[in-house]
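Please read them with the structure open.

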Amino acid sequence: MSGHSPSDSSSDRPSDGGPQLDQKVARDLAAVSRSGLLDYRSEALPTWCAGCGYYGIALGITQALAAMEVEIHNLAVVSGIGCAGRFPFFMGGYGLHAVHGRALPIASGIKIARPELTVMAVGGDGVGLGIGAGHLPHTMRRNVDITYVLFDNGIYGLTKGQSSPTTPTGQITGTHPYGNPDQPLDPLVLGVAYGASSVAAAHAADPEKIKEILLRSLRHPGFSFVVIQTPCITFDRVNISYEKLRQGWKPVPSDHLVTDRNAAMALAMGEQRYAGVYFEERRPTYQDYDQATARKAKEQAGSGGK
Ligand SMILES: Cc1ncc(C[n+]2csc(CCOP(=O)(O)OP(=O)(O)O)c2C)c(N)n1
Ligand code: SF4
């Protein structure tokens, strides 16, 4: 477990805002320290651009882990490459910044080998729906008990603003100076269609909602897919902004039946963006299958293989 000492940090700061600002910073840091959230953070400070939506996502995720009192030695966070892929560096617990696009099979392997761990996979829309897209349907239909958080900023951030699989048609990007010619993928539609046993969405301007959804997704026994729309304030100035997120999203309607996959698909396919749980069902997980197989194999071996 790691944490930053508020008093150390405040005394190290250059005094650029006068004693009042220093006192406020010290008070804020002390409050963060008391919250227990730093227990879920590493010593490494995030290298994301100031104002990146990923800070809001990190806050929501750490709040959920703290509320669940996940023990830090029972946490594993796996990513591929990208700005979002750096997330495990900034988290406590076990972390793996793995090969580009391979977070899901690696996270699956960890969960199958160590079922007692809380296993999360994280990554951007580029890595998750581009190079890593082939793993999505299979991990979902297999119902491995992990939580996959897709940081969807509609752009390749780390490599400086190329079109990604969720970039809207016509958007001018580094790779498409005359406008992106491709139709965007919708991760929520894919999640519902591919058989994820839990599908939910939120946006980076609402960490409280991210926390609420993560609490439910992390407790869900099976594959949970959480799509979080988030602004890349450095390379996207037209598509996703905090203002659009705050004004454009609505909560999932209260009469939505989360066990109805068709209703979830209708919700995912509409123009309106909703925050909340789209779909949730209980069915055997891959671990259930794995344990049952091991039991049967043992029984068979015990009866001389008959
Ligand atoms: C095999 C391979 N192909 C391409 C790259 C270059 N690359 C690194 S990150 C990335 C995409 C990043 O976009 P995204 O996954 O959306 O994450 P973000 O940076 O926006 O968080 C690409 C194409 C690479 N590192 N490895
Ligand atoms: S480039 Fe974009 S996604 Fe990457 S840290 Fe900066 S704002 Fe965030």
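1. C83 is buried because it has 25 C-beta neighbours inside 10 Å. A residue is called buried if 20 or more other C-beta atoms lie within 10 Å of its own, exposed if 12 or fewer, and partly exposed in between, with C-beta atoms placed from the backbone. C83 sits in the loop between β1 (75–79) and α4 (87–90). Helices (H or I, at least four residues) and strands (E, at least two) are DSSP runs, numbered from the N terminus.

2. On conventions: this is a predicted model, in which local features need pLDDT of at least 70, side-chain atom pairs count only at pLDDT 80 or more, and totals for chains, interfaces and linings use all residues. Residues are numbered from 1 along each chain as its sequence is written, while chains are lettered from A and ligands numbered from 1 in the order in which they are written.

3. Which residues does C83 touch, leaving aside its neighbours within four places in sequence? They are W48, Y54, G124, G157 and L158, where contact requires C-beta atoms, placed from the backbone, within 7 Å. C83 and F151 are 68 residues apart in sequence, yet their C-alpha atoms are 9.5 Å apart in space.

4. C83 also belongs to the surroundings of ligand 2, together with W48, C49, C52, Y54, N153, G157, L158, C232, I233, T234 and F235. A residue is near a molecule or strand if its C-beta atom, placed from the backbone, lies within 6 Å of it. By class, this shell has nine nonpolar, three polar and no charged residues. Ala, Val, Leu, Ile, Met, Phe, Trp, Tyr, Cys and Pro count as nonpolar, Asp, Glu, Lys and Arg as charged, and the others, Gly among them, as polar.

5. Ligand 1 is surrounded by 19 residues, of which G82, G124, G126, V127 and G157 are the closest. This shell divides into nine nonpolar, nine polar and one charged. Helix α6 (125–131) and β3 each supply at least two of its residues; the largest share, four residues, comes from α6.

6. The eight strands form an open sheet with mixed pairing, in the order β2-β1-β3-β4-β6-β5-β8-β7. Its edge strands are β2 (94–97) and β7 (249–251), each pairing on one side only. From one strand to the next the twist averages 20°. Strands pair if DSSP finds at least two bridges between them.

7. β1 is mostly covered, with four of its five residues buried. It pairs in the parallel sense with β2 over four bridges, where A76 has Y94 as its partner. With β3, the parallel pairing of β1 covers five bridges, and S79 is the bridge partner of V122. V122 also has a bridge partner in β4, V149; β3 (residues 118–124) and β4 (residues 147–152) pair in the parallel sense over five bridges.

8. How many residues of β5 (residues 198–203) are buried? Six of its six are. S198, A200 and A202 point one way, and V199, A201 and H203 the other. In a regular strand the side chains alternate between the two faces of the sheet.

9. β5 pairs in the parallel sense with β6 (residues 224–229) over six bridges, whereas four bridges join β5 to β8 (residues 273–280), and these two run antiparallel. A200 has a bridge partner on each of these strands: V226 in β6 and V277 in β8. S198 stands opposite E280 in β8.

10. β5, helix α9 (residues 207–219) and β6 make a right-handed β-α-β unit. A crossover is right-handed if, with the strands pointing away from the viewer, the path from the first strand over the helix to the second runs clockwise. α9 lies across β3, β4, β5, β6 and β8, running at about 165° to β5. Helix α11 (residues 261–269) packs on the sheet, touching β5 and β8, and its direction makes about 160° with that of β8. Axes are lines fitted to C-alpha atoms, for helices over the stretch in contact, and angles run from 0 to 180 degrees between N-to-C directions.

11. β7 and β8 pair in the parallel sense over three bridges, with W249 partnered by R273. The chain crosses from β7 through α11 to β8, and this β-α-β crossover is right-handed.

Technical notes: Contact = placed C-beta atoms within 7 Å.
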